[in-house]
Amino acid sequence: MVEFDKTIARKSFNKLALIFILYNIIFGVVYNIVSMGLAAYLVGTNPSIELPEIESFIYNTGFALIGAASVSVIVAFLCSREKPSFERNRKLDIKSIIMFFVIIQGLQLLCSFILVPLEGLFSQAGYNFDQAISLASDPSIYFSSLVYSVIIAPLMEELFFRGLIMKKMQPYGKTFAIVVAALLFALMHQNIVQLPVTFAMGLLFGYITVEYSLGAAIGLHLLNNAFVEITGHLGKIFEYTVIFDSLFMYACAAVSIVLFVLNFKKIKAYIRNEKSEEGTVKLFFTRPLVIIVIIYYLIMTLLSVSAI
């Protein structure tokens, strides 16, 4: 951990916010450019095609997302003059892979319980989470969207959030860096259903990156997304898949709770030993750019709900 200097810290935190803003702007611009290119191609090959068909194709394919995710991450690294580090601190053995995979599945179920009272409040106001749930859980339709979901998204998200964002914050404390990267990772999804689970998984992927390696976090993220896609497609073929998947998730949640209880003292000690210097958290969350980013993405997350 570096010696805490408020002037240097302010510059670092402002730069981090700018990088995050740049990443999202580039993502949006590239996504729209590729989408317009696809639309022009569809119209050129089939002049009679209707707008809803064009929108459906662009929405369900992964071409625009693949281009946007790849370009935005590359630009972010180039502007930051950083390179991702794949240095391995500890080997991730089979036992650890299984343990982390089980925890990831358990977290998804446990975090979904948080949404129950929240969804009830929104329901009373005339809104539901149906569209947000669909965006978060529907399996891919086209091969390109499958490639994005299973390979590109895990790779690019971990490179950016753990390989760049967390790495730049790590000199101010491991715990601080892990939490900041997880928070921005959750906000980036702009989905109220995904907010709790992406934050929790961001914490876990951050820990894995710090204590094992960036490659290990990418691998586990990829494994989770592949599992979600497989169970999603099997659920459309075999009606009992949903039951087995639910039982598996509950078992994973139970194991995760037991592991948390058994390792509570170790987790508490880790947070205490790796905490940041006094004033770091306050300084970060009082930066105007950081405040703007958090407020904007919280608003966008709230807008992911749909009217009943």
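**View 1. Aromatic pairs, with F13 and F284 as one of them.** The structure, a predicted model, holds 22 aromatic pairs. Rings of Phe, Tyr and Trp (its six-membered ring) pair if their centres lie within 6.5 Å; planes under 30 degrees apart are stacked, over 60 edge-to-face, and the rest tilted. The ring centres of F13 and F284 are 5.2 Å apart and the planes stand at 85 degrees, so this pair is edge-to-face. F13 belongs to helix 1 (residues 6-45) and F284 to helix 12 (residues 280-285), 271 residues apart. Helices are DSSP runs of H or I with at least four residues, numbered from the N terminus. Both F13 and F284 are buried (under 20% relative accessible area, with exposed over 50% and partly exposed in between; 1.4 Å probe, protein chains only).

**View 2. The pair of F101 and F248.** With centres 6.4 Å apart and planes at 35 degrees, the rings are tilted. The pair ties helix 4 (residues 94-124), which holds F101, to helix 10 (residues 241-262), which holds F248; the parts are 147 residues apart in sequence. F101 is buried at 13% relative accessible area, whereas F248, at 31%, is partly exposed.

**View 3. An aromatic cluster and a charge over F185.** One cluster is formed by F20, Y23, F27, F160, F161, F185, Y296 and Y297. R162 lies over the face of F185, 4.6 Å from the ring centre. A charge sits over a ring if NZ of Lys or CZ of Arg is within 6 Å of the ring centre and within 35 degrees of the ring normal.

**View 4. R90 over Y212.** The charged end of R90 sits 4.4 Å from the centre of the Y212 ring.

**Notes.** Residues are numbered from 1 along each chain as its sequence is written, and side-chain values use heavy atoms, without hydrogens and water. In this predicted model, local features need pLDDT of at least 70 and side-chain atom pairs count only at pLDDT 80 or more, while totals for chains, interfaces and linings use all residues.

Key. Helix = DSSP H or I, 4+ residues; strand = E, 2+ residues; numbered from the N terminus.
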